[in-house]
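Reader: Please take me through this structure. I want each label tied to its rule.

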There are 2 protein chains.
Amino acid sequence: MANVDYPDPVRALIVHLKQLPGIGPKSAERIAVWLMQQGEEVSTPFSEVMESAGREVIECRLCGFFSTHEKGCAVCDGLQRDGSLLCVVEQPTDILPLERSGAFRGHYHSLRGRISPLDNIGPEELRIRELLDRLRAGAFTEVILALSSDVEGEATANYIAELLRGIEGISVTRLAQGMPAGGGLESADELTLMRALQGRVGLG
Amino acid sequence: MANVDYPDPVRALIVHLKQLPGIGPKSAERIAVWLMQQGEEVSTPFSEVMESAGREVIECRLCGFFSTHEKGCAVCDGLQRDGSLLCVVEQPTDILPLERSGAFRGHYHSLRGRISPLDNIGPEELRIRELLDRLRAGAFTEVILALSSDVEGEATANYIAELLRGIEGISVTRLAQGMPAGGGLESADELTLMRALQGRVGLG
């Protein structure tokens, strides 16, 4: 006699939940059971929100951020944006922390990744052509490379900096590297300390 | 100028994801972004599975396990079940580990919780009346209480054992307590060791 298992709809839900990032088999089972115990009043609106989010949300053609309409997005449509600054990030999700810092009011450009030979991601997989198009068409005068400060992020930054050298009237900068706010010396790694020393700023 | 945030459909999805057990704000955001990046091909079937699971799966009227039809469930409908044994558990999810052990082929009864005064859960919140109905109507001769071995589980077990004393022809047992399989003495807590000693079995 076969062991009793969850009914098919529950097992199908567990299979889908297991695909989610950070959700293992145990979590998927716990979530599915929780949803079953809540019943339709919870699962139906949840499924509708998921369906409409998946259907309505697209990638902004210009910057690559999340958008709900064909032309532009909340950033690109912003009226009080500084049209001379373009900040290049790896992922659309990198835009929100920069926004929350309140220190940048220019435009963004998400590359949708970074150069990573081990993952078979070369420059042609990234939104670099779109970046060049925007720079040639637009009024940008400075490109700020806000990429990860690891090997792949730096390789991507170097590649783009090299490319942009051929475009006149555009200066290329990158984020400062150094000590994170609130971090004591004892918790900083050697590379961070080395960069903080190399980038030291005079107080005179 | 307000900071840019995710479009409304993404924020609504994050709100729903945060309700799930074990999912915090960061995980909810990561899962929502992942779903957006997968697009409709993933989110639409996912939402359909969630909707149909929530709609189709109900609680078995008899045992309290998950079911997809009005009468019975995979356990209650089982043909080769031992109709004399009834195993009482706290939650419907407790049924699967018992099934997987392969050591029990009787029927189950989920209480849908346990007596817990701190959470305002008394006997009347549990499926105890249904348990008594089954025992009076059925051919059960033994009730195995497979409840948690903590204070609330034991209080619930004692309460039920007391109730069942009045029903003739039914013996009440509980799971053995002792050393878990594969566990060394050094990893056992004092209460487990005490119970294992008290329940020691002769090898003679």
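Author: What follows sets each value beside its definition. This is a predicted model; local features need pLDDT of at least 70, side-chain atom pairs count only at pLDDT 80 or more, and totals for chains, interfaces and linings use all residues. Residues are numbered from 1 along each chain as its sequence is written, chains are lettered from A and ligands numbered from 1 in the order written, and side-chain values use heavy atoms, without hydrogens and water.

Reader: What makes A:E154 and A:R195 a salt bridge?

Author: The rule asks for a side-chain nitrogen of Lys or Arg within 4 Å of a carboxyl oxygen of Asp or Glu. The side chains of A:E154 and A:R195 meet at 3.1 Å, N to O, so the pair passes the rule. The pair links distant parts of the chain: A:E154 lies in helix α6 (residues 151-164) of chain A and A:R195 in helix α7 (residues 190-198) of chain A, 41 residues apart. Over all chains the count is 24 salt bridges.

Reader: How many salt bridges cross the interface of chain B and chain A?

Author: The rule finds zero there.

Reader: How do you know that chain B and chain A are in contact?

Author: Contact means heavy atoms within 4.5 Å. By that rule, 55 residues of chain B are in contact with 55 residues of chain A. The buried area is about 5300 Å², with 73% from carbon and sulfur atoms. That is accessible area (1.4 Å probe) lost on putting the two parts together, summed over both.

Reader: What is the radius of gyration of chain A, against a compact globule?

Author: Chain A has 22 Å; a compact globule of 204 residues would have a radius near 17 Å. The radius is taken over C-alpha atoms, and the globule rule is 2.2 Å times the number of residues to the power 0.38. The C-alpha atoms of chain A fill a box of roughly 80 × 50 × 35 Å, along the principal axes.

Notes. Helix = DSSP H or I, 4+ residues; strand = E, 2+ residues; numbered from the N terminus.
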